[in-house]
Amino acid sequence: FSDLASGPTGISPGDLVVVGGQSAGARGAMLHIDSMAVRSGGALPAGIKMVGLFDSGFWVDQAEILVPGQGVVQNLTNHTRTLLSVAAASSFVAPPECRQLLGSDWKCFFSAHRLPLLQAPFLLLAPQSDTFQL
């Protein structure tokens with residue numbers, strides 16, 4: 001962000017920065033948006049406004065479900081736990097304050113647990129047609 005602020009066409013006080021993504025990208029934006037904020041000593045220059053736009057990032061923490069014709073489908077909670085374990089990524093992907101408040105690194109990746117902790121304003125999009133997650 002500092003590169004954006006230093007150039008002749010860069011961002012300046014009063015500008016709005018939208019931080020977001022879709023699906024896994026929304027989860028990543030949700031995880032790190034507060035660390036970018038000025039009030040937390042983040043990367044944005046003073047005077048810049050920021051808002052999150054999370055599209056289809058509301059992954060549901062639920063037990064395994066039975067999908068007719070497909071058998072048992074493993075849920076996203078187990079996928080997330082496995083990924084964090086295999087990649088040994090917990091300590092540098094999940095923000096420390098989130099891990100401390102929620103007690104489990106994997107919970108930081110689920111909107112139902114993470115969104116109440118966010119300080120940055122955000123808009124959450126969850127289309128009804130998103131059958132993979134909803």
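Guide: Happy to, and let me begin with a term we will need: rings of Phe, Tyr and Trp (its six-membered ring) count as a pair if their centres lie within 6.5 Å, and a pair is called edge-to-face when the planes are over 60 degrees apart. Please keep in mind that this is a predicted model. With that criterion, a search of the whole structure turns up two aromatic pairs. One of them joins Trp106 and Phe110, whose ring centres are 5.8 Å apart with 80 degrees between the planes, an edge-to-face arrangement. Both Trp106 and Phe110 are buried.

Now to the charged residue, Arg114. You will find Arg114 in helix H6, which covers residues 111-114. Arg114 is buried, yet has no salt bridge. What is the nearest side chain of opposite charge to Arg114, and how far away is it? That side chain is Glu97, at 4.2 Å.

Leaving out residues up to four places away in sequence, Arg114 touches Met30, Leu31, Asp34, Pro95, Glu97, Cys98, Lys107 and Cys108. Among these contacts, Met30, Leu31 and Asp34 fall within helix H2, residues 24-36. Helix H2 in turn lies across strands S1 and S2, at about 145 degrees to S1.

That brings us to the sheet. Three strands make up an open sheet in the order S1-S2-S5, with parallel pairing. S1 (16-22) and S5 (122-125) stand at the edges with a single partner strand each, so one side of each has no neighbour in the sheet. From one strand to the next, the twist averages 15 degrees. Strand S2, residues 49-55, runs parallel to S5 and is joined to S5 by four bridges.

Finally, the wider setting. The protein has six helices and five strands, and from the N terminus on its elements run α-β-α-β-β-β-α-α-α-α-β. Among contacts with a separation of 6 or more, 64% link residues 24 or more positions apart.

Technical notes: Residues numbered from 1 in each chain as written. Predicted model: local features only at pLDDT ≥ 70, side-chain atom pairs only at ≥ 80, totals over all residues. Heavy atoms only, no water. Helix = DSSP H or I, 4+ residues; strand = E, 2+ residues; numbered from the N terminus. Buried < 20%, exposed > 50% of the residue type's maximum accessible area, 1.4 Å probe, protein only. Lys, Arg positive; Asp, Glu negative; His and termini not counted. Salt bridge = Lys/Arg side-chain N within 4 Å of Asp/Glu carboxyl O. Contact = heavy atoms within 4.5 Å. Pairing = 2+ DSSP bridges. Axes fitted to C-alpha atoms, helices over the stretch in contact; angles between N-to-C directions. Phe/Tyr/Trp six-rings, centres within 6.5 Å; stacked < 30°, edge-to-face > 60°.
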